[in-house]
Amino acid sequence: MDLKPQTNPPVNIAVIGSGYVGLIASVCLAEIGHSVTCVDNDTAKVVALQSGEVPIYEERLPELLARHRGQRLTFSSDLLAAVRRAEVIFIAVGTPQSPTGEADLSYVEASVREIAAELNEYKVVVEKSTVPVLTSRWICRTLLFNGAKQENFDVISNPEFLREGTAIDDFLYPDRIVVGADAERARRIMRRVYQPLIDGSYFGAPDHVPGSRDMSGGVRYIETSAKSAELIKHASNAFLALKISFINAVSNICELVGTDIEEVATGIGSDSRIGPKFLNAGIGYGGSCFPKDVRAFYKIAESVGYDFDLLKSVERINQNQLLCFKKKLNAALWTLKGKQIGVLGLAFKEGTDDVRESPAISIIKSLIEEGCCVSAYDPAAIEKARKIIPENGNLRYVDNEFEAARDAHALLIVTEWPQFARLDLNRLHQIMRYPVVIDGRNLFSLHDMAAAGFHYYSMGRPLSEPESSSRRKIDQE
Ligand code: NAD
């Protein structure tokens, strides 16, 4: 494999799908020098992108869109024209969960059927969407059934590992790039696509986006078979979900025996074979990837003859965490009907406006069903949440953390936005009706919350009660 620096002629690229992955891939591929057309069949989205709107909240995205839009990056709803011009076609459409749990590949299939007509000279068709193992074979077969000639394409897998909230950094400064291709011709073209990251030349460019890692040696570029790359993506997400569920299971034991998961996790994570990341006890994973990918992985395993029982437990533990969190609220407030509840966080994680499969959304729905009045705040995700649960007599979206907490019987912390951890606790205490905080993300120290006079329930840690000098409201009632 020749990974030496070389002059790198730009590649003409079409990216199908302008969602979280397609849009980030498009701006980043333009950023490293390529000519990119990003296509979506949602024409309203395309018009918005063409006219300069930034449809998702993601650090540095506005800056990169301004830099490349109309130059190396264009937006279009004309898929055929984009494919005709392109040498490499990235498929980045959604692969949501079907009602039976498998990945719904109908969006992938629909775009593949359209591509087939324009494969009149050799092109590389890239699975960027997260798909089950063996999908590349189905794509290949679908292209052939729809009139494409075998010599005019290869289908390869190039899974995306970006995390919403740090997506641009993850794309340009990745831990690794995985390219699963069975044909050398396709591998050569994909090396051209990623060459500025592989040889490190991008990181020496005067106006490169500064990143979180030292990349002077270039990124780790891993070539595999298409099947292995497909498996790498599902297995990576499943492993991360497993790590989260593992620490959450341990946190439940901590609660039962009366010790602190933070101490235990530090001890576990200091083992270099385990590492500290993804060992934060909390409300469980959500988002548009882990829940569906865990399920799609055990479903595809089942379909090829393996019962991946472990992943069913991962899923069960995750669902249980949300119930544990809700039980803490009941334990703190006794009955819920008619209570005023503040909710901090709507996005499924910090740094994004994505509310798909967000724990906050199911918590708010269940609070409303139980007759609570909810005031919710998120720094970025209110507009997206509003589309799923519109404001009503029992739900208000408010402008800041303190408005959410005003007159509340309890404040729930659901998303780990760093600004929540810096809240003025004395002010918070003053404006709440009861000094009760239920923290699904363990943002505060038990000591600080006790000193500030809160009854503080967190995950896998002992209940923290107000220090006697600061016992106020509840005791007085
Ligand atoms: P998304 O729903 O945000 O975006 C998908 C886009 O594809 C939408 O804009 C939709 O209009 C468009 N689309 C659908 N069918 C189309 C067609 N036939 N032609 C043109 N456009 C079409 O999804 P996403 O979050 O970007 O995820 C895309 C894929 O990437 C999924 O498989 C997901 O699992 C995977 N992935 C997501 C993340 C993440 O953090 N969101 C990370 C890694 C991988």
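Tyr202 is buried, with a relative accessible area of 5%. This residue belongs to a predicted model. Phe203 also counts as buried, at a relative accessibility of 12%; the cut-off for burial is under 20%.

Ring pairs join Tyr202 and Phe203 with Tyr173 in a cluster.

## Ring pairs

A pair of aromatic rings is described by the distance of the centres and the angle of the planes. Rings count as paired if their centres lie within 6.5 Å, and planes over 60 degrees apart make a pair edge-to-face. By this rule there are ten aromatic pairs. In one of them, the ring centres of Tyr202 and Phe203 are 5.6 Å apart and the planes meet at 75 degrees, so this pair is edge-to-face.

Phe444 and Tyr456 form an aromatic pair that is likewise edge-to-face, with 6.2 Å from centre to centre and 80 degrees between the planes. Phe444 is found in the loop between strand S13 (436–439) and helix H19 (446–451), while Tyr456 is in strand S14 (residues 455–457), so the pair ties together parts that are twelve residues apart in sequence. Both Phe444 and Tyr456 are buried.

## Charges over rings

Which ring has the charged end of Arg427 over it? The ring is that of Phe402, and the charged end of Arg427 sits 3.9 Å from its centre.

Tyr298 has a lysine over its face: Lys312, at 5.5 Å from the ring centre.

Methods. Residues numbered from 1 in each chain as written. Predicted model: local features only at pLDDT ≥ 70, side-chain atom pairs only at ≥ 80, totals over all residues. Heavy atoms only, no water. Phe/Tyr/Trp six-rings, centres within 6.5 Å; stacked < 30°, edge-to-face > 60°. Buried < 20%, exposed > 50% of the residue type's maximum accessible area, 1.4 Å probe, protein only. Helix = DSSP H or I, 4+ residues; strand = E, 2+ residues; numbered from the N terminus. Lys NZ or Arg CZ within 6 Å of the ring centre and 35° of its normal.
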